[in-house]
Amino acid sequence: MAKIGINIATGSLQQPEMIVGIDLGTTNSLVAMIHPETKLPIALKEFDGSSIVPSVVHFDAFGNVEVGAVAKPYLETDPVNTIFSAKRLMGKSYNDIQTHQDFFAYKIIDDNKDSLVKVQVGNQFYSPIELSSHILTALKNRVEHILKTPVNKALITVPAYINDTQRQATRDAGKLAGLDVLRIINEPTAASLAYGLGLDPSEEKTIAVYDLGGGTFDISILRISGGVFEVLSTNGDTYLGGDDLDRAIIEYWMGLMKIDSLDDTKSLKQQLRLAAEEAKIALSNASHFETNFAGEKLSITKEIFENLIASIVDKTMDCCAKAMKDAGLKLADINTVLMVGGSTRVPLVKNTVSKYFNQAVNDSVNPDEVVALGAAVQADILSGNNQNMLLLDITPLSLGIETMGGLMDVLLPRNS
Ligand code: AMP
C-alpha cells in the first residue's frame, strides 16, 4: 500500500523531497533536475536564460560575499579579492600547487607547504572547502528561488581522476552549504547517463568519455551491459583545460607586445586573460580574432591558435592512449565517443579526438550542461524512480594500508 503525506497546515499533498544534481565545476557550476512532467533532465535557468554560474567568489571590504556572474567582473577590477578555479585547490597542499602558483591572481598561503592550502583575502583566511561551499550555497539559493521550495539533498559530480581527500573535501563543502550530499559521482559517468546510454537493459556498449573543461581533463572508458555501468579505466590531468588554452594565447600576445611579466599589474593580467578567453571562444566559429588591449591592437588567427595548442591537445591524447591500455581495449572496441566540457567546442579538439578514435564524436547534448543533466538522472535513480539501474564504479587510485617506513601495501589496485 502506498503512503501519501499530507501537509496538515495547508491540506496539500506532500511532494517527495527533491534531489538535485550539481556539477561543481572549476570554471562554471550548474544544477539540474528531472522535470516533474516531461521526466527529462533539465538545467535550471534564471530569468536571463542562463543555467551556468561562474565558479567565482568575490569578497568586498565589508566581508560581503558575491558569487557567480556578479563576482566575475571583479576578476578584472579586484583580482586579489576574487577567487576563481577554487576547485583546483580542493584537497591540495601548497606543495601540490606550487608549480602552478602563477596562475592564481589571489594570495595562497605558503607557511606550511605540506598542509592543505588556504587562501588569504584581506585579513581573513579561507579553505578551498569554504570557498566551494560559497558556490554551493549560491547554487542552492538560486535553485530554491527558481523552484520556490527548499532543496536540501544533492548529488555532486567530481572529475574521475581525483583522490579520496578531494572527494571528501567536496562532500564537506556540500555539508557546509547545508546540503545532504547523497553521493559523489564521477563526471564522465554522469555524462553518459545524460546521453541516455544504458537505459535500455539490452544495450551493450563500450564508451569513451572525453571531458575537457575549464581546468581539468578526464578520459574514461565505460562499459554498459545489462543496464549496468562499469568504468573500465580512467585517466586525465587535474591541471589541463580551457584555462591552459587561454594561457597559450596570453603568452603569444605577451610575446608580441614584448612584455616579460605582468606580475606587478594583476588587473592587466586578468584583462588579458578575459581577452584571451574571448579570442578562443570566437575562434571556435571564426578564422580570425581582433581586440584592443591597453591601447594596442591584438589579433590572432585560427591557424596560429591551433599551432599554439597542438601540444596541449596531444597531451590529452596521450591520456586517452593510457586509458585504452588500462582498459585492455583496441580502438575498434569503442562504440561511442562522448564529448563533454566547454573546451570540446574547439574544432581542433573535436577533430583530433575523432581522428584518434576513428569515428565521428557525439556532441549533441550541450557540453556545459551534460554532466549536471546526468547527475539529475542519477538523482532520479537514487530517489527510487528508476529501479532497474545499478551503477558500478572503480577505484581511481590504488587503495592500501601503510606498512613500515611510510610504504603502502596495495590491497585494491587502481582500476579495481
Ligand atoms: P566547463 O568547465 O565545462 O564549464 O568548460 C569551461 C571552459 O570551456 C572554459 O575554459 C571556456 O572558456 C570554454 N569554452 C566555452 N565555450 C567555448 C567555445 N565556444 N569554444 C572554446 N572554448 C569554450
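**Notebook: ligand shell, strands, surface**

I take helices (H or I, at least four residues) and strands (E, at least two) as DSSP runs, numbered from the N terminus. The model is predicted, so I kept local features only at pLDDT of at least 70 and side-chain atom pairs only at pLDDT 80 or more, while totals for chains, interfaces and linings use all residues. Residues are numbered from 1 along each chain as its sequence is written, and side-chain values use heavy atoms, with hydrogens and water left out.

**Entry: ligand**

I found 15 residues around the ligand, of which G214, E277, K280, S284 and G342 come nearest; a residue is near if one of its heavy atoms lies within 4 Å. By class, the shell holds 2 nonpolar, 9 polar and 4 charged residues. Here Ala, Val, Leu, Ile, Met, Phe, Trp, Tyr, Cys and Pro are nonpolar, Asp, Glu, Lys and Arg are charged, and the others, Gly among them, are polar.

I then went through polar contacts, meaning pairs of N or O atoms within 3.5 Å. The side chain of E277 places an N or O atom 2.6 Å from an oxygen atom of the ligand. I noted a polar side-chain atom of S284 at 2.7 Å from a ligand nitrogen, and one of R345 at 3.2 Å from a nitrogen atom of the ligand. The ligand on its own has 500 Å² of accessible area, and the protein covers 88% of this. Accessible areas come from the Shrake-Rupley method with a 1.4 Å probe.

**Entry: hairpins**

I counted strands as paired if DSSP finds at least two bridges between them. Strands β16 (residues 288-293) and β17 (residues 296-301) run antiparallel and are joined by 6 bridges. F289 has I300 in β17 as its bridge partner. This hairpin has 2 residues between its strands, and A294 takes a positive phi near 45°.

Strands β20 (residues 399-402) and β21 (residues 408-412) are also antiparallel, with 4 bridges. G400 is partnered by V410 in β21. The two form a hairpin with 5 residues between them, and G405 in the turn has a positive phi of about 65°.

**Entry: nonpolar patch**

β20 and β21 each supply at least two of the patch residues.

**Entry: open sheet**

I traced an open sheet of 3 strands in the order β8-β9-β10, paired antiparallel. β8 (107-108) and β10 (124-126) are the edge strands with a single partner each, so one side of each has no neighbour in the sheet. Between β9 (residues 119-121) and β10 I read 3 bridges, and V121 stands opposite Q124 in β10.

**Entry: salt bridges**

My search of the whole structure gave 12 salt bridges, defined as a side-chain nitrogen of Lys or Arg within 4 Å of a carboxyl oxygen of Asp or Glu. E369 pairs with K45, with the closest N and O atoms 3.7 Å apart. E369 is in the loop between α9 (347-357) and α10 (370-382) and K45 in the loop between β3 (41-43) and β4 (53-54), so this pair ties together parts 324 residues apart in sequence.

Methods
A polar contact is a pair of N or O atoms within 3.5 Å; within protein, one must be able to donate a hydrogen and the other to accept it, and residues adjacent in sequence count only if both atoms are side-chain atoms.
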